[in-house]
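Dear colleague,

I am handing over the structure we spoke about, and I would be grateful if you could look through it with the notes below beside you.

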Amino acid sequence: MPTQREIEEVKIRQQVEKIVEGIRAKDLDGLKQLYATDVVSFDVEPPLQHVGIEAKLKNWTNAFTFFQDVNYEVRDLKLTVGDDVAFGHFFGRLSGTLRNGAATSGMWVRATLCFRKTDGNWLIAHDQVSVPLDIASGKGVTDLEP
């Protein structure tokens, strides 16, 4: 018989799968259901932080404008689950067909999700996406693979 933590981990993994499905479908309404209204996001694009669900959805809207068809892949998801909070990290890649018809394999990023259990649902309260930095050049390194 699975423990309560194992049951909660399955629920969070299902939430991550819903993120993947929502991105692939460019489903802003579906994605909105996965985030806390006060989510704080440290995304790859400026500014340093995006606060609130509307700011997070604007980021997804901006990303979707580049793509005709979009794919999202999660690799090596690791989770730590508590009673009311949980966090996970993984490698993610946004790819697809751009609006001009060119295919792009995208780039791998590092991602961290922090979940808060609210009314029995695991919602993303914080996310952070980053690429490694080449300190000598000051530029992001976008050609690495997990």
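What follows is a short account of the sheet, the helices packed on it and the salt bridges.

Please keep in mind throughout that this is a predicted model.

I begin with the sheet, which is open and is formed by 6 strands in the order β2-β1-β6-β5-β4-β3, with mixed pairing. The edges are taken by β2 (50-51) and β3, and because each of these has a single partner strand, one side of each is left without a neighbour in the sheet. The partner relation between β3 and β4 is antiparallel and runs over 12 bridges, and within it Asp 69 stands opposite Thr 97 in β4. Helix α1 packs on the sheet, where it touches β3, β4, β5 and β6 (121-130), and its direction makes about 165° with that of β3. Helix α3, which covers residues 53-64, also packs on the sheet; it touches β1 (35-42), β2, β3, β4 and β6, and its direction makes about 60° with that of β1.

Turning to the charged side chains, a search of the whole structure finds 10 salt bridges, and I describe some of them here.

Is Glu 8 buried or exposed? Glu 8 is buried, with a relative accessible area of 4%, whereas Lys 11 is partly exposed at 35% and Lys 117 counts as partly exposed at 25%.

A further salt bridge joins Glu 73 and Arg 93, with the closest N and O atoms 3.0 Å apart. This pair, too, links distant parts of the chain, with Glu 73 in strand β3 (residues 67-81) and Arg 93 in strand β4 (residues 85-98), 20 residues apart. Glu 73 is partly exposed, its relative accessible area being 23%.

Definitions and conventions:
Residues numbered from 1 in each chain as written. Predicted model: local features only at pLDDT ≥ 70, side-chain atom pairs only at ≥ 80, totals over all residues. Heavy atoms only, no water. Salt bridge = Lys/Arg side-chain N within 4 Å of Asp/Glu carboxyl O. Buried < 20%, exposed > 50% of the residue type's maximum accessible area, 1.4 Å probe, protein only. Helix = DSSP H or I, 4+ residues; strand = E, 2+ residues; numbered from the N terminus. Pairing = 2+ DSSP bridges. Contact = heavy atoms within 4.5 Å. Axes fitted to C-alpha atoms, helices over the stretch in contact; angles between N-to-C directions.
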